[in-house]
Amino acid sequence: MECIIRPDAGAAMHLAARIIEEQLRARPDSVLGLATGRTMEAVYANLARLHRDGKLDFSKCRTFNLDEYAGLSGDDPHSYRHYMNRHLFSKVNIDLRNTHLPDGTAENLEAECEKYERLIAGCGGIDLQLLGIGRNGHMGFNEPLSAFRSRTRVKALSPATRAQNAPQFSSPEKVPRRAITMGIGTILEARRCLLLATGAGKAEIVARAIEGPMSAMISASALQLHPRCVVVLDEAAAGKLNATDYYRLIFENEPEWKQFRAE
Ligand code: GLP
């Protein structure tokens, strides 16, 4: 794992966008794993700007999102499909047929999960998976006690997650109780992972995920098993890490994404 600490949230998001840019330039037909949440909005704004400036082509790329709320259709403004269309897909030249999210309204959710796994495999797997982290350490909606070998499945949302995501809904009761999420096993199969976290509110959980013992209670700690994972933080989110001197030393001696270059 490589941990890169940037001075502020803007610089962290900018670096995350540049890593994605580098991947797409090296392989325009890359399969990108995408994430939602407030943290990612600026990343997508950066990617949209690069596209607008004529510097980034999404026409051949394929995407798979981590998760979707059960029961919400793509037209629902609270769905992650809606979020992705709004923040990224409508702003770049991506073919919507190449963008994938689980269908939260599928009649048979279990079959939908299996179909999603098959679709990912059919595209040759994910080249670069972008990840955020929930306050309880979840990636996607892999809530506490998610097995490290779990696959795409339906997961009940924890009270903490429902409270965290409530501001996006008109009232807390409107937050769905379940979601479809890629499993931790699915995420760990991505060729590279990029975890982005900003703000002091994430400092405690970031430290536990990166430096603490691996635990099914904190799904992001499973990234310690990934051979090519980079964590991009701002100073605030890095505030509770122990070994920051060491992380900075590595960063100073290596151009920021040298080790993370696309093949
Ligand atoms: C949701 C998503 C996660 C995301 C998390 C953090 O719960 N399912 O994939 O990492 O939000 O969101 P934020 O960036 O808003 O803190």
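Predicted model: local features only at pLDDT ≥ 70, side-chain atom pairs only at ≥ 80, totals over all residues.
Which residue in S3 does Val31 stand opposite?

1. **The pairing of S2 with S3.** Strand S2, residues 31–34, and strand S3, residues 62–65, run parallel and are joined by 4 bridges. Within this pairing, the residue opposite Val31 is Arg62 in S3.

2. **The parallel sheet.** An open sheet of 7 strands contains this pair; its order is S1-S10-S9-S6-S2-S3-S5, and the pairing is parallel. Strand S1 (2–6) and strand S5 (99–100) form the edges; each has a single partner strand, so one side of each is left without a neighbour in the sheet. Helix H4, residues 109–122, packs on this sheet and touches S3 and S5, and the direction of H4 makes about 150° with that of S3.

3. **The antiparallel sheet.** There is also an open sheet of 3 strands, in the order S4-S8-S7, with antiparallel pairing. Its edge strands, S4 (67–69) and S7 (153–156), each pair on one side only. From one strand to the next the twist averages 30°. Between S4 and S8 the antiparallel pairing extends over 3 bridges, and Tyr69 has Ala179 in S8 as its bridge partner.

4. **Helix H4 and Glu112.** Helix H4, already noted for touching S3 and S5, also lies across S7 and S8, where it runs at about 25° to S8. Glu112 is located in H4. Is Glu112 buried or exposed? Its relative accessibility is 9%, under the 20% limit, and Glu112 therefore counts as buried. Apart from residues up to four places away in sequence, Glu112 touches Leu101, Pro102, Asp103, Ala106 and Ile180.

5. **Helices H1 and H2.** Two packed helices are described by the angle between their axes and the distance between the axes. For H1 (residues 9–26) and H2 (residues 38–52), the angle is about 50° and the axes are 9 Å apart. The two helices are therefore oblique to each other, and H1 passes H2 in a right-handed crossing. On the H1 side, the contact involves Met13, His14, Ala16, Ala17, Ile20 and Glu21; these meet Thr39, Ala42, Val43, Asn46, Leu47, Arg49 and Leu50 in H2. By class, this contact comprises 8 nonpolar, 3 polar and 2 charged residues.

6. **Helices H2 and H3.** Helix H2 also packs with H3 (residues 80–87): the axes come within 10 Å and cross at roughly 35°. Which residues of H2 meet H3? They are Met40, Glu41 and Tyr44, and their counterparts in H3 are Tyr83, Met84 and His87.

7. **Phe169.** This residue lies in the loop between helix H5 (159–165) and strand S8 (178–181). With a relative accessible area of 8%, under the 20% limit, Phe169 is therefore buried. Leaving aside neighbours within four places in sequence, Phe169 is in contact with Tyr69, Leu72, His78, Lys174, Val175 and Pro176. One of these residues, Tyr69, is the bridge partner of Ala179 in S8. The C-alpha atoms of Phe169 and Ala45 are separated by 22 Å, and the two residues lie 124 residues apart along the chain.

Conventions. Residues numbered from 1 in each chain as written. Heavy atoms only, no water. Axes fitted to C-alpha atoms, helices over the stretch in contact; angles between N-to-C directions. Parallel < 35°, antiparallel > 145°, perpendicular 65-115°, else oblique. Left-handed = near helix turned anticlockwise from the far one by under 90°. Contact = heavy atoms within 4.5 Å. Nonpolar A, V, L, I, M, F, W, Y, C, P; charged D, E, K, R; others polar. Pairing = 2+ DSSP bridges. Buried < 20%, exposed > 50% of the residue type's maximum accessible area, 1.4 Å probe, protein only.
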